[in-house]
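Dear colleague,

I am passing a structure on to you, and I would be glad if you kept it open beside this email while you read. My notes on what was found follow after it.

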Amino acid sequence: MIAFATALDPLRSANRMLGYEAYRWRLASIDGKPVRASNGVECAVNTSLEEERKKMAGPDRPNIAIVCSGVNVERYQNKSAFAWLREEYNRGVAVGGLCTGAHILAAAGLLSNKRCAIHWENLPGFSEAFPKANVFADLFEIDQNIYTCAGGTAALDMMLKLIGDDFDENLVNRVCEQVLTDRVRSPTDRQRLPLRARLGVQNSKVLTIIELMEANLSEPLSLIEIADHVDLSRRQIERLFRTEMGRSPARYYLEIRLDRARHLLIQSSMPVVEVAVACGFVSASHFSKCYRELYARSPQQERVDRKQLLAA
């Protein structure tokens, strides 16, 4: 809902600042019926996909078609929606995705060799499901006539960029004042808090080591390799992690690999053995043992519990 609202309201504000209707929009659902957001709010729509297809040949042809999606997007399969997106794109209409919308565009076959952005929580599963897409943990990406953003307030930044391209920086600044934001963020600004703020860690060496770990999950670095990168001894690294993180570097590395594995189990249909390999484990049995020790359930049970939760 945040991504949805912050994509629409800058257009309304721009119209107000300009004094005329520079932007118009309409909401469509598959069947023309209202759509319930994950927070329980129901959104009325103007048209269905069938009606949208008819508008393609008339004066109401859109300039851009944007899909908005949220949690559990990896389970969404709708051939009609995918076909409609391809039709719009192939006829010269720009397409976009809010939050996890890049997943819908990729499933429709529109993101091969294209730069795109998706919410950080969905990035591991997306990367495995669509290896041909060039996905980044950016706030938003614009690749020719494909617009994607990571959701949340990043939708505001993407729409401000669109408004700036259509008009000028003065209008963007006036819209920012209306929505009480003090700046337009760059597309490559971080989605997540910097490690320093997220972990409450100040030691620059520890932060560098954690960044190395997060960048090497499928093929974990040895402690000796890490020590060479940061010009410290193994003993110094062990001591730093015990002081700053309350655990050994090996244990911390294992935990972030298992966290990635959990995202893949929840967001993808990858076999457990492939999840194990993608997270740097030499065998499925070792992976299952480590997973059970941390989360008190097996990888297989994680999937069963997830399916039951979604079915409830």
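This is a predicted model: local features need pLDDT of at least 70, side-chain atom pairs count only at pLDDT 80 or more; totals for chains, interfaces and linings use all residues.

**Strands and cysteines**

Residues are numbered from 1 along each chain as its sequence is written, and side-chain values use heavy atoms, with hydrogens and water left out.

β5 (residues 64-69) and β6 (residues 94-99) pair in the parallel sense over six bridges, and two strands are said to pair if DSSP finds at least two bridges between them. Between them the chain passes through helix α3 (residues 79-90), and this β-α-β crossover is right-handed, a word used when, with the strands pointing away from the viewer, the path from the first strand over the helix to the second runs clockwise.

Buried means under 20% relative accessible area, exposed means over 50%, and partly exposed lies in between (1.4 Å probe, protein chains only). C68 is partly exposed, at 41%, while C99, at 15%, counts as buried. C99, which is found in strand β6, also has a phi near 60°, a positive value in a residue other than glycine.

How many disulfides does the structure hold? There are zero disulfides, a disulfide being a pair of cysteine sulfur atoms within 2.5 Å. For C68, the nearest cysteine sulfur is that of C99, 6.8 Å away. C116 is buried at 0% relative accessibility, and because its sulfur is 12 Å from the closest cysteine sulfur, in C149, the two are too far apart for a bond.

**Aromatic rings**

The structure holds seven aromatic pairs, counted for rings of Phe, Tyr and Trp (its six-membered ring) with centres within 6.5 Å; planes under 30 degrees apart are stacked, those over 60 are edge-to-face and the rest are tilted. One of them is formed by F287 and Y291, which are edge-to-face, at 5.7 Å centre to centre and with 65° between the planes. These two residues are four apart in helix α14 (residues 284-295), so about one helical turn separates them. F287 is buried at 0% relative accessibility, and Y291 is buried with a relative accessible area of 0%. Ring pairs link F281, F287, Y291 and Y295 into a cluster.

R257 lies over the face of F281, at 4.3 Å from the ring centre, and the charged end of R115 sits over the ring of F136, 4.0 Å from its centre. A charge sits over a ring if NZ of Lys or CZ of Arg is within 6 Å of the ring centre and within 35 degrees of the ring normal.

**The annotated span**

An unreviewed UniProt entry carries the annotation "domain: HTH araC/xylS-type" for residues 207-305; UniProt positions are given in the numbering used here, feature names are shortened, and annotations may be inferred rather than shown by experiment. In the model, this span is 74% helix and 0% strand, and its end C-alpha atoms lie 34 Å apart.
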